[in-house]
Amino acid sequence: MDDLELESFLPYRLYRLADAVSREFSRIYKDRHGLTRPEWRTLAGLGQHGTMTATELGEQSAMHKTKVSRAVAELERRRWLTRTPDGKDRRVEHLTLTRAGLVAYREMVPLAKAFELELLARLSTEQRAAVVSGVAALEMALPDRRKEL
């Protein structure tokens, strides 16, 4: 039986790459607002989609419900989001950014876009095209991702 060379195993390489990029970007929102990754993902999800439930946030951001719950509690503590109980199901709450939360989100959008441009600028035109098309192809090849796109 052959050994698995982890360093060349594509899922491992993709995980390490995603984590490295995420850590590099996290410096921006941590320095600016003291946010954790789950808090940033929650802020960004609500900023993009408006009102969402915690379940929807978890699905959209691929976060476990406990991470979503903690992020929601912290953003609520900062008065960046509000919870509104669902009229039909009291177990469900609709989460919405407050004015202060929207200000923070809108401040972060150009920084996020600039980060993405700077990251892609490290590659040649051909490499950028290959990354974009390769990621899209992998997303379409995974059954769970096709439903989301």
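**Entry 1: helix α2**

I began with helix α2 of this predicted model, which runs over residues 37-49 and holds 13 residues. From its first C-alpha to its last I read a reach of 18 Å, close to the 18 Å expected at 1.5 Å a residue. I then looked at what follows α2 and found G50, whose phi is positive, near 80°.

**Entry 2: burial along α2**

Which residues of α2 are buried? I listed P38, E39, W40, T42, L43, A44, G45 and L46. I next asked what covers these buried residues, and the cover includes helices α1 (10-33), α3, α4 and α5. Strands β1 (81-85) and β2 also belong to that cover.

**Entry 3: T42**

Is T42 buried or exposed? T42 counts as buried because its relative accessibility is 0%, and the cut-off for buried is under 20%. Leaving aside its neighbours within four places in sequence, I recorded contacts from T42 to L57, M63, A71, V72, L75 and L81.

**Entry 4: L120**

I turned to L120, which is found in helix α5. Its relative accessible area is 23%, so L120 is partly exposed. I also looked up its separation from M63, a residue that T42 contacts. L120 and M63 are 57 residues apart in sequence, and their C-alpha atoms are 25 Å apart in space.

**Entry 5: the second largest pocket**

I noted a volume of about 230 Å³ for the second largest pocket. This pocket is lined by 15 residues, of which T53, A54, T55, V68 and E93 are the closest to its centre. The elements that give two or more residues to the lining are α3 (54-61), α4 (65-77) and β2 (93-97). Which element gives the largest share of this lining? I found that it is α4, with 4 residues. By residue class, I recorded the lining as 6 nonpolar, 5 polar and 4 charged.

**Entry 6: confidence**

I checked the confidence of the prediction last. The chain averages a pLDDT of 93, and 96% of the residues score at least 70. Among the elements of the chain, I found the highest mean pLDDT, 97, in helix α5 (residues 99-121). The lowest mean, 58, belongs to helix α7 (residues 143-148). Where pLDDT is low, the predicted coordinates should not be read in detail.

Technical notes:
Residues are numbered from 1 along each chain as its sequence is written. This is a predicted model: local features need pLDDT of at least 70, side-chain atom pairs count only at pLDDT 80 or more; totals for chains, interfaces and linings use all residues. Side-chain values use heavy atoms; hydrogens and water are left out. On a 1 Å grid over the protein atoms alone, a cavity is a set of points where a 1.4 Å probe fits but cannot get out, and a pocket is an open set with protein on both sides within 12 Å along at least five of seven lines; lining residues have an atom within 4 Å of a point. Grid points are joined across faces, edges and corners, and a volume is the space filled by probe spheres set on the points. Ala, Val, Leu, Ile, Met, Phe, Trp, Tyr, Cys and Pro count as nonpolar, Asp, Glu, Lys and Arg as charged, and the others, Gly among them, as polar. pLDDT is the predictor's confidence in each residue, from 0 to 100. The expected span of a helix is 1.5 Å times one less than its number of residues. Buried means under 20% relative accessible area, exposed over 50%, partly exposed in between (1.4 Å probe, protein chains only). Contact means heavy atoms within 4.5 Å.
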